[in-house]
Amino acid sequence: MPLTPAITDWPARPLRDRVVIVTGGAQGVGRGIAQAVLGAGGSVMIADRDADAGRACLKEWALPERAAFQRADVASERSVQALVKAALKRFGRIDGLVNNAGIASAHGTPLADMTLAEWQRRLSSLHGAFLCSKHALPALRAQAGGAIINIASTRAWQSEPDSEAYAAAKGGLVAFTHALAISSGPDVRVNSISPGWITTDAWQAPARRRTPKLSRRDHAQHAVGRVGQPEDIGALAVFLLSDLSGFITGQDHIVDGGMSRTMIYAE
């Protein structure tokens, strides 16, 4: 695939006139979601700690009327408040929030050696979802059909060794999703997406982009015959942010090409 992923066009424009905040939106899955929002006719405020990556997105997209960037740390309440304020100032409204920011790697320190500080740092995606939802909800409630998406992981449901903190964060996001859906309905719908293996090599900041190195065996582990791409998550995000999913809330949606449904026996 090209090392500068193109925006995929949605002819039906299901997010026309909608404004969506995507945290961690300058790279990886977050960028895939942001580009899907733009392709579906929406406007997007991407938030990221990496200002260079954020500016690169705006330059490559070349859609100044519909795309903006705010440097933000979702673990800081002051930073989150500034993000929401900036989105409202720039676009005048907020229709959707995608809580995607967090530590990407599932592998961490063995539990016996993990400090409380590292444990808390690895739960940053859960803390960020709380802060962003708290401060964006008033604006979301002001719009008919506001929506929140929390990006969890299949690690909320299955694990490898030394991933307790990551699993706790992602499992917490799934539980946070259905609790918030009940509290914020009917004004705001809340769902989560649990991606499986998504290759993000080509969706990084320009200096870090690489052509994915995937083997035939990597692809064969998936029932659909391939490893996932950020646009696969973006497509579902557009659906969940739009009126097309108006009867869906409080649900976790696993997007992993069938990998977690495959029976595996040790040879």
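1. Let's start with a cut-off: a residue counts as exposed when its relative accessible area is over 50%, as buried when that area is under 20%, and as partly exposed in between. Keep in mind that this is a predicted model.

2. Asp 243 shows the cut-off at work: its relative accessibility is 54%, so Asp 243 counts as exposed. Its partner is Arg 18, and the two form a salt bridge in which the closest N and O atoms are 2.8 Å apart. Arg 18 sits in the segment before strand E1 (19-23), while Asp 243 belongs to the loop between helix H8 (230-241) and strand E7 (252-255), so this pair ties together parts that are 225 residues apart in sequence. And is Arg 18 buried or exposed? Arg 18 is buried, at a relative accessible area of 13%.

3. If you'd like to look for others, a search of the whole structure turns up ten salt bridges. The general idea is simple: side chains of opposite charge can pair when their charged atoms come close.

4. Lys 134 and Glu 77 make another salt bridge, with 2.9 Å between the closest N and O atoms. Lys 134 is in helix H5 (residues 124-141) and Glu 77 in helix H3 (residues 77-91), so the pair ties together parts 57 residues apart in sequence. Lys 134 is partly exposed, with a relative accessible area of 42%, and Glu 77 is partly exposed too, at 31%.

5. How do H3 and H5 cross? Their axes come within 9 Å and cross at roughly 30°. That makes H3 roughly parallel to H5, and the crossing is right-handed. On the H3 side, the residues that meet H5 are Glu 77, Val 80, Gln 81, Val 84 and Leu 88. Across from them, H5 brings Leu 131, Cys 132, Lys 134, His 135, Ala 136 and Ala 139. You'll spot the salt-bridge partners Glu 77 and Lys 134 in those lists.

6. Glu 160 and Arg 155 form a salt bridge as well, their closest N and O atoms being 3.0 Å apart. Glu 160 is partly exposed, with a relative accessible area of 39%, and Arg 155 is partly exposed, at 21%.

7. Lastly, take a look at Asp 50, in the loop between strand E2 (43-48) and helix H2 (51-61). A polar atom of the Asp 50 side chain lies 3.1 Å from the backbone nitrogen of Asp 52. What does Asp 50 contact, leaving aside its neighbours within four places in sequence? Those contacts are Gln 27, Phe 69 and Arg 208.

Terms used
Residues are numbered from 1 along each chain as its sequence is written. This is a predicted model: local features need pLDDT of at least 70, side-chain atom pairs count only at pLDDT 80 or more; totals for chains, interfaces and linings use all residues. Side-chain values use heavy atoms; hydrogens and water are left out. Helices (H or I, at least four residues) and strands (E, at least two) are DSSP runs, numbered from the N terminus. A polar contact is a pair of N or O atoms within 3.5 Å; within protein, one must be able to donate a hydrogen and the other to accept it, and residues adjacent in sequence count only if both atoms are side-chain atoms. Contact means heavy atoms within 4.5 Å. A salt bridge is a side-chain nitrogen of Lys or Arg within 4 Å of a carboxyl oxygen of Asp or Glu. Buried means under 20% relative accessible area, exposed over 50%, partly exposed in between (1.4 Å probe, protein chains only). Axes are lines fitted to C-alpha atoms, for helices over the stretch in contact, and angles run from 0 to 180 degrees between N-to-C directions. Angles under 35 degrees count as roughly parallel, over 145 as roughly antiparallel, 65 to 115 as roughly perpendicular and the rest as oblique. A crossing is left-handed if the near helix is turned anticlockwise from the far one by less than a right angle, and right-handed if clockwise.
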